[in-house]
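Welcome! Here is a short briefing to read alongside the structure, starting with a strand and moving on to pairs of charged side chains.

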Amino acid sequence: LTLDDIGGLENYKQHLVSIRNSFSRAAKEYGLPSPRPVLLCGQAGTGKSMSAMATGNVFKLPLIRLEAGRLFASHVGESEANWRSAFATAKAIAPAIVWIDEAEALFVGLQSSGQTDGGTSARVIKAILQDMQMNGEGLFFVFTANDIDMFPDPLIDRCDVWSFELPSEAERESIWQIHIAKRNRKPDAYDISAFAKSTDGFSGRQIEQVWIKAMTSAFN
């Protein structure tokens, strides 16, 4: 994926472009630190995952996806070991992008950790925060989540937080154009403005599904 595959979200796109060379040797010689992690939060289908995937293309770096919920295991110490293994893999590949998907799964039950899971959740979060702060050189962390409410303040403080909202009318026009062109049709042949108006309140993912259903109906 590239940024051209994503409709709207211009501010976040500009942010990625503005830090795209931060992992180069020239940036290190210039005295730049690694850029702050980002936390992308908002409703499902608003482009969080696509934006995370496009980061690899913008930075020209490997992209590692970690599904947060899969860190946790039933045996004592296994969850922490899973994180250590994942982090060691990322460091071996660095410079790289570490995309922690569905990150809210890390924090389910965090408040009751100790009573319900023997403190496993708290220890995993502590390990993540320590590694990010003390040993995160060469890694760009991207957290994606639908719900920010469960995130602990220490993690939020370490991140640039971006809120992904439902697309505006202008953004919906851009999304329609992308999906129509993606399937070998000419956007100019359609009333894109009417499409955008009629899909007020739709996410980018829902707009894509509307177009796919329309093409399926037309074909059959």
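Strand E4 (residues 139-145) is mostly covered, with seven of its seven residues buried. Buried means under 20% relative accessible area, exposed means over 50%, and partly exposed lies in between (1.4 Å probe, protein chains only). Helices (H or I, at least four residues) and strands (E, at least two) are DSSP runs, numbered from the N terminus. Please keep in mind that this is a predicted model: local features need pLDDT of at least 70, side-chain atom pairs count only at pLDDT 80 or more, and totals for chains, interfaces and linings use all residues. Residues are numbered from 1 along each chain as its sequence is written, and side-chain values use heavy atoms, with hydrogens and water left out.

- Strands E1 and E4 pair in the parallel sense over four bridges; two strands pair if DSSP finds at least two bridges between them.
- Leu39 is found opposite Phe143 of E4.
- Strands E3 and E4 also run parallel, joined by five bridges, and Ile97 has Phe140 in E4 as its bridge partner.

**Salt bridges across the chain**

- A salt bridge is a side-chain nitrogen of Lys or Arg within 4 Å of a carboxyl oxygen of Asp or Glu, and by this rule there are nine salt bridges.
- Asp160 and Arg36 meet through their side chains in a salt bridge of 2.9 Å, N to O. Asp160 lies in strand E5 (residues 160-164) and Arg36 in the loop between helix H2 (25-30) and strand E1 (38-42), so this pair ties together parts 124 residues apart in sequence.
- Asp160 is partly exposed at 25% relative accessibility, and Arg36 is partly exposed at 39%.
- Asp101 forms a salt bridge with Arg65, their closest N and O atoms being 3.0 Å apart. This pair links distant parts of the chain, 36 residues apart: Asp101 is in strand E3 (residues 96-101) and Arg65 in strand E2 (residues 63-67).
- Asp101 is buried at 8% relative accessibility, whereas Arg65 is partly exposed at 44%.
- A network of salt bridges links Arg65, Glu67 and Asp101.

**A salt bridge within a helix**

- Lys13 and Glu10 form a salt bridge, with the closest N and O atoms 3.4 Å apart.
- Lys13 and Glu10 are separated by about one helical turn, because they are three residues apart in helix H1 (residues 10-18).
- Lys13 is buried, at 12% relative accessible area, while Glu10 is partly exposed, at 43%.
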